[in-house]
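Subject: Handover of a model, with notes

Dear colleague,

I am passing on the structure below and would be glad if you could read the notes that follow it with the coordinates open beside you.

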Amino acid sequence: MAIIRNGEILTNIIYNQEIHRKYGGVIPEWASRKHLEAMVSLYKETLEKANIEQVELHGIVVTRGPGLMGSLLVGMGFAKALALALDIPLIEVNHLEAHLCSVLIDLPKPTFPFLCLTVSGGHTQLIRVNGIGDYHILGGTLDDAAGEAFDKTGKMLGLDYPAGPIIDQLAQKGIARFKFPISVLDGYQYSFSGFKTAVLYFLQKEIKNNPDFISENLEDLCASIQHTIVEILIKKVTLAMKNEGLTELGIAGGVSANSGLRKRIAQICKDNEWKSYFPAMQYCTDNAAMIAFVGYQKYLASQFADENIMPLPRMPVSS
Ligand code: KG4
Ligand code: ZN
């Protein structure tokens with residue numbers, strides 16, 4: 001939960017659900033139960049940390065989608081009740097729009113138009129951002145998202161969920177000496193399923209010869225997996241930047257925290273005289289500040305939600 005005042009983020013509290021770690025992924029029912037359990041105390045804590053009384057609030061911003069229906073319902077129910085009780089407007093925000101606008105929260109920020117690569121656990125999208133609310137989707141993934149590719153191959157290595165940050169850490173001590181195919185589809189489409197299968201078959205083959213293969217090569221395996229995912233991402237980013245004639249590039253979503261991706265982006269930007277923008281670390285993975293940021297722009301434009309709105313688990317970014 002977050003509070004924004006005059007465009008400035010006052011508090012941004014992230015409640016992490018540790019329960020999913022041991023199950024290797026998010027269990028939807030647990031996710032919504034834990035949201036409901038935490039909601040009221042989190043709300044009180046957010047107000048307290050911002051030193052704000054609830055009567056001072058002017059609007060309630062809520063994520064409408066995309067996401068898990070159960071979790072969205074808990075958030076939406078709470079937001080509607082608050083807006084009604086405080087007699088203030090309800091504002092709906094698209095989670096993906098918030099990710100791509102997270103590069104605009106702090107300075108320095110990109111100027112319009114810019115290309116945004118949104119890479120999270122559920123999405124991999126290349127979007128031309130002409131302005132806030134003016135988006136042109138160039139392409140996305142046909143199967144897994146980049147974050148999923150990290151998490152699923154990490155699971156094959158026996159790593160906890162989410163494996164992305166763990167792979168990132170281990171990769172820093174390894175060498176990318178195992179070669180996996182870097183799939184190239186037409187246009188701006190991404191696919192990670194071939195890569196995932198290649199890692200699985202490779203590990204199965206190596207483990208047959210040496211049961212300790214993973215533990216003996218963990219850091220190099222992580223470096224190789226990270227290298228491949230980053231190269232798959234970079235190819236289409238370069239193509240889109242050139243074809244669209246853009247010079248400003250934003251990277252958003254959980255995977256934008258990846259140090260290998262950050263280094264590689266810095267390199268292509270230097271080579272091509274482009275400028276890159278990453279959100280501050282606390283705005284990379286899911287957070288309420290980015291939702292508040294987009295909601296604030298909508299508040300200023302009096303774009304309020306209808307009182308009967310429902311969550312949209314598959315809500316697309318509108319162009
Ligand atoms: O944006 P996010 O918090 O949630 C979604 O909307 O999905 O992204 C979570 C994803 C997970 O797949 C996680 O493994 C990945 O972001 N992630 C990372 C890193 N930090 C988070 N992947 C690679 N390197 C990281 N440092
Ligand atoms: Zn997200």
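The buried residues of α5 are covered by elements that include α4, α7 and α8, where helices (H or I, at least four residues) and strands (E, at least two) are DSSP runs numbered from the N terminus, and where cover is judged by contact, meaning heavy atoms within 4.5 Å. The residues of α5 concerned are Gly164, Ile167, Asp168, Leu170 and Ala171, buried being under 20% relative accessible area, exposed over 50%, and partly exposed in between, with a 1.4 Å probe and protein chains only.

Before going further, please note that this is a predicted model, in which local features need pLDDT of at least 70 and side-chain atom pairs count only at pLDDT 80 or more, while totals for chains, interfaces and linings use all residues. Residues are numbered from 1 along each chain as its sequence is written, chains are lettered from A and ligands numbered from 1 in the order in which they are written, and side-chain values use heavy atoms, with hydrogens and water left out.

On the ligand: of the 18 residues around ligand 1, those that come nearest are Gly121, Asp151, Asp168, Asn258 and Asp286, a residue being near if one of its heavy atoms lies within 4 Å. A nitrogen atom of ligand 1 lies 2.9 Å from an N or O atom in the side chain of aspartate 168, whereas an oxygen atom of the ligand is 3.1 Å from an N or O atom in the side chain of histidine 99, and an oxygen atom is 2.7 Å from a polar backbone atom of aspartate 286. Of the 550 Å² of accessible area that ligand 1 has on its own, the protein covers 87%, as computed by the Shrake-Rupley method with a 1.4 Å probe. The elements giving two or more residues to the shell around ligand 1 are α3, α4 and α5.

Aspartate 286 also has a protein partner, for its side chain makes a polar contact of 3.2 Å with the side chain of histidine 95; a polar contact is a pair of N or O atoms within 3.5 Å, of which, within protein, one must be able to donate a hydrogen and the other to accept it, and residues adjacent in sequence count only if both atoms are side-chain atoms. Histidine 95 is found in helix α3 (residues 95-101) and is buried, with a relative accessible area of 14%.

Aspartate 143 lies in the loop between β7 (134-140) and α4 and is partly exposed at 29% relative accessibility. The side chain of aspartate 143 reaches the backbone nitrogen of phenylalanine 192 at 2.7 Å and joins the side chain of serine 193 through a polar contact of 3.2 Å.
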